[in-house]
Amino acid sequence: MANPGGGAVCNGKLHNHKKQSNGSQSRNCTKNGIVKEGQQNGKPHFYDKLIVESFEEAPLHVMVFTYMGYGIGTLFGYLRDFLRNWGIEKCNAAVERKEQKDFVPLYQDFENFYTRNLYMRIRDNWNRPICSAPGPLFDVMERVSDDYNWTFRFTGRVIKDVINMGSYNFLGLAAKYDESMRTIKDVLEAYGTGVASTRHEMGTLDKHKELEDLVAKFLNVEAAMVFGMGFATNSMNIPALVGKGCLILSDELNHASLVLGARLSGATIRIFKHNNTQSLEKLLRDAVIYGQPRTRRAWKKILILVEGVYSMEGSIVHLPQIIALKKKYKAYLYVDEAHSIGAVGPTGRGVTEFFGLDPHEVDVLMGTFTKSFGASGGYIAGRKDLVDYLRVHSHSAVYASSMSPPIAEQIIRSLKLIMGLDGTTQGLQRVQRLAKNTRYFRQRLQEMGFIIYGNENASVVPLLLYMPDLKHAWTKGIRKTKGRVMASL
Amino acid sequence: MATATEQWVLVEMVQALYEAPTYHLILEGILILWIIRLLFSKTYKLQERSDLTVKEKEELIEEWQPEPLVPPVPKDHPALNYNIVSGPPSHKIVVNGKECINFASFNFLGLLDNPRVKAAALASLKKYGVGTCGPRGFYGTFDVHLDLEDRLAKFMKTEEAIIYSYGFATIASAIPAYSKRGDIVFVDRAACFAIQKGLQASRSDIKLFKHNDMADLERLLKEQEIEDQKNPRKARVTRRFIVVEGLYMNTGTICPLPELVKLKYKYKARIFLEESLSFGVLGEHGRGVTEHYGIKIDDIDLISANMENALASIGGFCCGRSFVIDHQRLSGQGYCFSASLPPLLAAAAIEALNIMEENPGIFAVLKEKCRQIHKALQGISGLKVVGESLSPAFHLQLEESTGSREQDVRLLQEIVDQHSGCGHGGTNRGRTGESCVHHQGGSPGRPALGRVPGPWLPATQHAERTQDSRWPWRGLKESKNMCIFDRIVTKWCQYGPIV
């Protein structure tokens, strides 16, 4: 087990589990961050503080048991497949139509091996339906399976008031209707639900314009553009920015939407190790010095794709070092702040504020409204010429429908709340409370002995369980804690 | 040398070794060592052999100048001066402050402004708030989503349906979930952009056939069959798909589904049907092109549609047999890695479905209106109508091109501007036509095939056009363009109000 709060000694060896990087010791500290409005009251930059990130390794016996678990699961999987093929065991999965039995099979056997045999055993932990707003407490629909997770059936009962630790509702803005959401009701009644057109045609509502101005103001940049879906924002705008002959340097653990956008663009992609500035620097040097492979022509442009907070590791990007590198090698930086906007930084402005940097130093600021703002959709913000170019050339603006009006209104309302434009300090209080809660939660979990990944300020907390069957036991156990039921992954 | 008698005996070999001269042995030893060294020495990489000094590298880094992140955009580009719409995009629409009759939104059944739909959305807003704050796998599944999937499956008479939170992402995630590198996809040349992106993401072999030309498709399928016979092992694992649209966005025509189904069984390819424009439009009950032709729904492997046209919501869905659809719950990128549809939009879609089921008569009304407008617009010199007579979305194309694409686009834009000056909202797809280039995914060396013909003006029909649609128009200036416009307006006025 990991020792609380300090050096973990596993099997007599001290594993390098706590990476303490002092931001002020890096080369770029001479260019101190420009003081932004958020720090005018003299609060210290986080940038100067120690960045504490931990990626502890599990103790050896845990690793052994995990591998054993997967190994046994696989063996049993082969056994069950064999039994199913020979008809000894009934096959519960859906099958191909009789008329199409001689077609080439739609799925290769091994593709679905994992799904059929391992995932199916613990499938009931995912896709749990709820029937209330995803606030701090929510209602989960009870569902049972009579045939070992092949099919589910709802008992009709609802487990009420479950503590919610699974939704990305960082600031608690996705809640049941109350009077402050009156404006959303008005917009819904005035505009309807859909738009039925693209941005280039009849899909630009005055609400979108208002929203874009507000987003630009919130992020302190020149202009912003909003899109209907966060995933689509990445996958449709990266191809508009880079193409063949350009180089994309993407972090190892980037989100699927960034990877898809990079692949669709047709540019060459090179991966650097997660949050590792030495690896990135080496790639940049090689790219600038040696140019394109084989032809040795210079690259047209180099784009670095990183995320603000990585959702599966809970780590925060080392932005000051990356910005220093980007300036030295004249590359462009694209930061995906899906999990960090509204959740990180003294006033919730994201990773640039967290490190005390000027948002103009990042070329493309992208984010989504799903997590902290309790709505859906994405945005891209930056200089005006960038946003103008995207207005003309983005695939989303031309071919995909724009954001729905009540959703836009919800984002406007959330932004006003966070910025304090509605006259209260509720927004700021929420952001500060989130930061405090995050640190407390992480600290307590580590004291209890769990292995937590990531930065101490990231609100996404990955708690490692390792063994597959432990996930099952965990959810069963956690549900019965002290009469108050909890839901998590 | 004699073979049977001469045998190499081990003892004799050792003896020979003792008797050999020393220099010979040493030479052989050195040669063997050299071979071993060569075998184990690292091969050099081209990069590592560079002879650049550190100083030269620093100079290269200093000198390199990348292109600007974005090239400059002309200030008067029409996309920078959007038409700002205030108010709902229903039958009448307020564009840039002027009230117009809406010919541009895809609000086919006019449900965007329906009070029942709004009431359902409001009820959902009250219960669930706005956002879902999570993907479907992590507490983002609400009971309304399950309800909507159930209702859609029942409406389309399939086993299962799956919802996506964005219409574009639906088909663009569905295709790569099934078709991977090495599989073959036969797709129509006029396929919409979302399909093209899905194909590009799938990295499969793309074979384009001429628009709605079944003979061409059959030729391609036959060629593939011949290839298969040469390499049966590979053919046994190569999946084949045919991707078509029910009602094509780019041409307004309907795909010949009965022939496609015949080809499917003959050549063993699966059909993916994209029904964004035809869902809620074609067929007696609005079930789309399968109902229009009376084809069994199980013959189509996957039907994908978006809910942004007829259902007056946002998002999309795929429906089909459980065997096919369930796979997307783990492999559909837009499903797994994206937040789920906001519940108020799902509730609006459910109510819209209710309305569609309760009044199946609106589909006949819509078709009638489409036919009327289609007839009315025939015979205008200079412009021709492209699209089926019962398609609610069709295009007005210049009969003769002026020769340059920019001029065509400008001419059409003038027509559109004149329209809006006179109270009709329309749009110029000249600019969208430019981006509509087919790409073949995968290896380099394959040319980009086909450009969708354009530019054109799309126009859409709403089921709700009522009697009070007058066509007010103000003074027109004399010019060649205006003569065309004049004729359009006169025709409409002659035709009279549409009931």
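What percentage of the 499 residues of chain B count as buried? The figure is 57%. The model is predicted. Chain B holds 19 helices and 15 strands. Take its contacts between residues at least 6 apart in sequence: 68% of them join residues at least 24 apart.

Helix α2(B) covers residues 22-40. None of its 19 residues is buried, so α2(B) lies largely in the open.

Now turn to chain A and a pair of helices. Two packed helices are described by the angle between their axes and the distance between the axes. Helix α7 (residues 277-290) of chain A packs against helix α8 (residues 319-329) of chain A at about 10 degrees. The axes are 11 Å apart. An angle under 35 degrees counts as roughly parallel, so α7(A) and α8(A) are roughly parallel. From α7(A), the contact uses Thr277(A), Leu280(A), Glu281(A), Leu284(A), Arg285(A) and Val288(A). From α8(A) come Gln321(A), Ile322(A), Leu325(A), Lys328(A) and Tyr329(A). Six of the contact residues are nonpolar, two are polar and three are charged.

Last, a loop residue. Thr347(A) sits between β12 (332-336) and α9 (351-354) of chain A. Is Thr347(A) buried or exposed? Its relative accessibility is 15%. Buried means under 20%, so Thr347(A) counts as buried. Its side chain also makes a polar contact of 2.4 Å with the side chain of Glu353(A).

How values were computed
Residues are numbered from 1 along each chain as its sequence is written. Chains are lettered from A and ligands numbered from 1 in the order in which they are written. This is a predicted model: local features need pLDDT of at least 70, side-chain atom pairs count only at pLDDT 80 or more; totals for chains, interfaces and linings use all residues. Side-chain values use heavy atoms; hydrogens and water are left out. Axes are lines fitted to C-alpha atoms, for helices over the stretch in contact, and angles run from 0 to 180 degrees between N-to-C directions. Helices (H or I, at least four residues) and strands (E, at least two) are DSSP runs, numbered from the N terminus. Angles under 35 degrees count as roughly parallel, over 145 as roughly antiparallel, 65 to 115 as roughly perpendicular and the rest as oblique. Contact means heavy atoms within 4.5 Å. Ala, Val, Leu, Ile, Met, Phe, Trp, Tyr, Cys and Pro count as nonpolar, Asp, Glu, Lys and Arg as charged, and the others, Gly among them, as polar. The expected span of a helix is 1.5 Å times one less than its number of residues. Buried means under 20% relative accessible area, exposed over 50%, partly exposed in between (1.4 Å probe, protein chains only). A polar contact is a pair of N or O atoms within 3.5 Å; within protein, one must be able to donate a hydrogen and the other to accept it, and residues adjacent in sequence count only if both atoms are side-chain atoms.
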